[in-house]
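Hi,

Here is the structure I promised to pass on to you. Have a look at it first, and then read on for what turned up.

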Amino acid sequence: MNYSCFLCGSELIDSKDRYLVTGRSSFDIVEAIQNLPFDIRYNSESYVCRKCLSLLKKKRNLEHSYDKCLKELQHLVNKPSGNPEPLYTSTPVKKAPTTQQLPVETNTSDPPTSQTTATICVSWPSQTRRHNLVKELEPLGKALVRGTFTQIANTAYKCKHLRKELANQSTPNPGKTFVIDNLDLRQKVSNMTEENQNVDYHWVNANLINNRVSANHLDDNGPIKDVMEVQVSDILPSPEDHLAYAKNIKTHIQRILVKRVPCLQFMQECVVHHIPHPHQKEMSKKANKVGFLQCTIYLFYQLSVTYVLHVFDARQIFSSTDNH
């Protein structure tokens, strides 16, 4: 016997894909059919397919959600409030004029405008203030009201001013630099004996300093240029390098003259004491030294990583030699 869905007419071969209209289940199919806005013929022996049954259930859920929203809105409208605010009718969304002014305080008693604005309200124990957000922050205000965390983050990132501030505050670790200097001393004795000999001291001063200028943006995936294509002009100083060097030398000579020649000391305020460069702001800050314990741990870590890499490279070389 052939069965078909009385709604879509599709053939129902598998018994698991057909449902009797008058069958017993938690979902009342007859009631769902009667609530349809159009008439359709069926009997007690009619069957419905799985797809049509899902659509009927979806319609029932949407109707329940619609009724729930109406009840919530009615509850909000009828809810008593100590400081009732005037209710305005909804207005069509229009493009707001561009403005670069800072947020200004608004008065809730003003009549409604013909444009959609985002308002932020902050309540302190002593006062309550409202401000209209600027045009660039209106999408963020709307996302805070009805958006998810991902949408809020994406909206904040789309604002170029916020993106610039976030980039300045969330810069990656600029890295660290070892500053090493050695000091060699020789202590001579007046009367040398077998036990009293000259003593040699070999000291090393090591400091671990946080880099003030980051180089993380530089590409480190490969060589800058093929070694077979390197020319002599790429190594020797260019005419531009000579001019830049001469300009820096002039600055140093000026500083020496106003410091050593008494008759020129009145021009100290006219001398450039720091040669301008792109990272002058970062390099003017005090260097931040790392503690002795962290310095020791970092040094052993770097040495261990270097040793492992050398061992790995040596194994690769020996394995390739054995294969050949």
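To start with confidence: this is a predicted model, with a mean pLDDT of 77 for the protein, and 80% of its residues reach 70 or more. Confidence is highest in helix 6 (residues 239-260), at a mean of 90, and lowest in helix 8 (residues 292-323), at 63. Please also keep an eye on residues 84-109, where the pLDDT is below 50. That stretch still has 32 contacts in the model beyond near neighbours in sequence. Where pLDDT is low, the predicted coordinates should not be read in detail.

Next, helix 2 (residues 50-78). At 1.5 Å a residue, its 29 residues should span 42 Å, and the C-alpha atoms at its ends are 42 Å apart, so the two values agree. Cys 52, Leu 53 and Leu 56 are buried in this helix. The buried residues of helix 2 pack against strand 3 (18-20), helix 1 (29-34) and strand 4 (47-49).

Now the aromatic side chains. The count comes to one aromatic pair. Tyr 201 and Trp 203 form this pair, which is tilted, with 5.6 Å from centre to centre and 55° between the planes. Tyr 201 has a relative accessibility of 30% and so counts as partly exposed. Trp 203 is partly exposed too, with a relative accessible area of 46%.

One last item for your viewer is Arg 18, whose charged end sits over the ring of Tyr 47, 5.9 Å from the ring centre.

Enjoy looking around!

Best wishes

Methods
Residues numbered from 1 in each chain as written. Heavy atoms only, no water. Phe/Tyr/Trp six-rings, centres within 6.5 Å; stacked < 30°, edge-to-face > 60°. Buried < 20%, exposed > 50% of the residue type's maximum accessible area, 1.4 Å probe, protein only. Lys NZ or Arg CZ within 6 Å of the ring centre and 35° of its normal. pLDDT = per-residue confidence, 0-100. Helix = DSSP H or I, 4+ residues; strand = E, 2+ residues; numbered from the N terminus. Contact = heavy atoms within 4.5 Å. Expected span 1.5 Å × (residues − 1).
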